[in-house]
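Here are my notes on this one, point by point.

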Amino acid sequence: MNADLHCHSTVSDGLLRPADVVRRAAGNGVELLALTDHDELGGLAEARAAAVDAGLRFVDGAEISVSWENDTTIHIVALGFDPGNAALREGLAQVRSGRDGRAAMMAEELARVGIHGAYQGALRHAGNPALLSRSHFARYIVDCGLARDVKTVFERWLAKGKPGYVAHAWATLEQALGWIGAAGGLAVLAHPGRYRISGADLRRLCAEFRDLGGRGIEVLSGAHSADTAREMARLAREFGFSASRASDFHGPGESWVDLGRLPELPADLRAVWLDLD
Ligand code: AMP
Ligand code: MN
Ligand code: MN
Ligand code: MN
């Protein structure tokens, strides 16, 4: 099954419109797709309609920003929920409401290191202050000619500990899982191999996630090496998680892998899409 249960459109920090993401996925042979914009459901209707035309199965998704413990940002992918659910919609609106203020602070920090006009520059890429993400700042800094690609911008200015990074309180893990549960969805821990935390902390996170109702983890992610995927498969077995397959595609030339271009899941793991309806 060519499933891809994690990708982004212009409704968050992706480069393609929702319908174009779906058409590209279909062209790549994807059979089951979830669009998972950051903290936002606004692209789902367009994507679902395009999926009907393109002949692929579509699952509603979102990637929720969460602050775990003091200062670790993690991402939870929600799948197969009711997109009209008020608790989920209000929760996501609350998470988005922090983005504009954070962006203003990021622009101030960047100005201190000589990068001016970053708020307006990032906003030109985002289109909407409530969607402003570090990716939009990264694209502006590339526009300025200060780095050759967004990856380099993150390494120099936007990753935790770098001059343009501003700590932010997103949703709590409990809130995110509460909203997903209320909307009848399934919670998947996104790209677990990417968090810069110890193995012991990752296990603690998994235990907490499972105890709050979390069901799956992304064993295969565009951000995972083959070794990391093997480690995440062991974690799935240890905690009894279903396994997801997730490109985390943001756009041509800006992503680790293209839509659907991932290996098969290890045969002994339960695929997370078997848990959807
Ligand atoms: P934000 O939610 O505004 O903090 O932005 C997070 C987004 O930045 C992620 O969803 C990725 O799209 C992007 N991102 C984070 N780290 C990197 C990186 N090292 N290289 C490229 N993109 C990154
Ligand atoms: Mn992103
Ligand atoms: Mn993410
Ligand atoms: Mn993502």
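1. Metal site. Donors here are N, O and S atoms within 2.8 Å of the metal (3.2 Å for Na, K and Ca), and water is not among the atoms, so sites may look incomplete. The manganese ion (ligand 3) is 5.6 Å away from the manganese ion (ligand 2).

2. Ground rules. This is a predicted model, where local features need pLDDT of at least 70 and side-chain atom pairs count only at pLDDT 80 or more, while totals for chains, interfaces and linings use all residues. Residues are numbered from 1 along each chain as its sequence is written, chains are lettered from A and ligands numbered from 1 in the order in which they are written, and side-chain values use heavy atoms, with hydrogens and water left out.

3. Buried means under 20% relative accessible area, exposed over 50%, partly exposed in between (1.4 Å probe, protein chains only).

4. Strand β5. In β5 (residues 186–189), Leu 186 and Val 188 point one way, Ala 187 and Leu 189 the other, and all are buried. Strands (E, at least two residues) and helices (H or I, at least four) are DSSP runs numbered from the N terminus. On one pairing, β4 (residues 72–79) runs antiparallel to β5 with four bridges, and Ala 78 sits opposite Ala 187. With β6 (residues 216–221), β5 runs parallel through two bridges; Leu 189 has Ile 217 as its bridge partner there. Pairing takes at least two DSSP bridges between the strands.

5. Which phi does Asp 39 have, positive or negative? Positive, about 55°, though Asp 39 is not a glycine. Most residues other than glycine have a negative phi. Asp 39 lies in the loop between β2 (32–35) and α2 and is buried, with a relative accessible area of 0%. Glu 69 also has a positive phi of about 55° without being a glycine. Glu 69 belongs to the loop between β3 (57–68) and β4, and at 44% relative accessibility Glu 69 is partly exposed. I'd look at both loops by eye.
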